[in-house]
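Thanks for coming. I will walk through one model, helix by helix, and then pick out a few single residues.

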Amino acid sequence: MNSIFEVAHADKILNRIDKLTTNSQPLWGKMNVSQMLAHCSYFQDVAMGYSTPSRSWSGIFFGRFAKPLFYNDKPLSRNMPTIPDILITSQKDFETEKENLKAKLITFQKKGPTPCTERPHPFFGKLTPEQWGKGIYKHLDHHLQQFGV
C-alpha cells in the first residue's frame with residue numbers, strides 16, 4: 001500500500017494535483033474542484049491534529065470494524081459519506097486551495113509520521129502514524145481519481 005510518507009508517492013500525488021485546472025469536472029460527487037482541494041486540505045489538518053472533529057455515534061459503534069477500509073489496498077467507494085466538519089459547500093478559490101493543499105502535503109511528508117495526531121479519527125478511531133500515512137494517500141488518490149487525474 002502506498003503511503004504519503006514515501007517521497008515517490010507524495011511526489012506522484014503533487015504532480016497529479018498540478019494537473020487539475022479550474023475547469024476540472026468531477027466524475028462523481030457534488031464538490032467542485034476547489035471544494036475538493038479544500039476538503040483534502042482540511043483532512044490534512046485532522047491528521048496533524050490541527051482540527052479535531054468530534055467522533056460520530058456511528059464511528060464509535062462501527063468505526064473499529066470499518067477501520068481497515070481506510071488503509072487497505074482497496075479503493076474507496078464512490079460517494080462515501082464524509083466527515084461533516086470537512087464537507088465543503090461554500091465556494092473556494094482554486095489557486096489558493098491548490099497551493100494550500102500542496103504546502104500542507106509537503107510539510108506533512110517532510111515531517112514524517114511522528115507528528116500525526118494521537119486523537120482518534122472521527123469515524124475510524126485510533127490510527128497509527130503508518131495507518132494515517134496510507135489513509136492520507138488513499139484519500140487523496142480517491143479524490144484525484146474523482147477529477148480524472
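The expected span of a helix is 1.5 Å times one less than its number of residues. Helices here are DSSP runs of H or I of at least four residues, numbered from the N terminus. This is a predicted model, in which local features need pLDDT of at least 70 and side-chain atom pairs count only at pLDDT 80 or more, while totals for chains, interfaces and linings use all residues. Residues are numbered from 1 along each chain as its sequence is written, and side-chain values use heavy atoms, with hydrogens and water left out.

Start with helix 6. By buried I mean under 20% relative accessible area; exposed is over 50%, and partly exposed is in between, with a 1.4 Å probe and protein chains only. Just after helix 6 comes glycine 148, with a positive phi of about 70 degrees.

Next, helix 5, residues 94–111. Its 18 residues should span 26 Å, and the end C-alpha atoms are 26 Å apart, which agrees. Which residues of helix 5 are buried? They are Phe94, Glu97, Lys98, Leu101, Lys102, Leu105, Phe108 and Gln109. Viewed down the helix axis, these buried residues fall within an arc of 130 degrees, so they line one face of helix 5. The arc is taken from the directions from the helix axis to the C-beta atoms. As background, an α-helix has 3.6 residues a turn, so residues three or four places apart point the same way. The buried residues of helix 5 pack against helix 1 (7–18), helix 2 (33–48) and helix 6 (129–146). Glycine 112 follows helix 5 and has a positive phi, near 80 degrees.

Now the pairing of helix 1 with helix 5. Their axes come within 11 Å and cross at roughly 175 degrees. The axes are lines fitted to C-alpha atoms over the stretch in contact, and angles run from 0 to 180 degrees between N-to-C directions. The two helices are therefore roughly antiparallel, a label for angles over 145 degrees; under 35 is roughly parallel, 65 to 115 roughly perpendicular, and the rest oblique. On the helix 1 side, Val7, Ala10, Ile13, Leu14, Ile17 and Asp18 meet Lys98, Leu101, Lys102, Leu105, Ile106 and Gln109 of helix 5. Contact here means heavy atoms within 4.5 Å.

Isoleucine 17, in helix 1, is buried at a relative accessible area of 1%. Not counting residues up to four places away in sequence, isoleucine 17 touches Leu37, Lys98, Leu101, Lys102, Leu105 and Leu144. Isoleucine 17 and aspartate 141 are 124 residues apart in sequence, but 9.9 Å apart in space, C-alpha to C-alpha.

Serine 41 sits in helix 2 and is also buried, at 1% relative accessibility. With neighbours within four places in sequence left aside, serine 41 is in contact with Asn100, Leu101 and Lys104.

Last, is asparagine 79 buried or exposed? At 56% relative accessibility, asparagine 79 counts as exposed. It lies in the loop between helix 4 (68–71) and helix 5. Asparagine 79 is not a glycine, yet has a positive phi of about 60 degrees. Most residues other than glycine have a negative phi.
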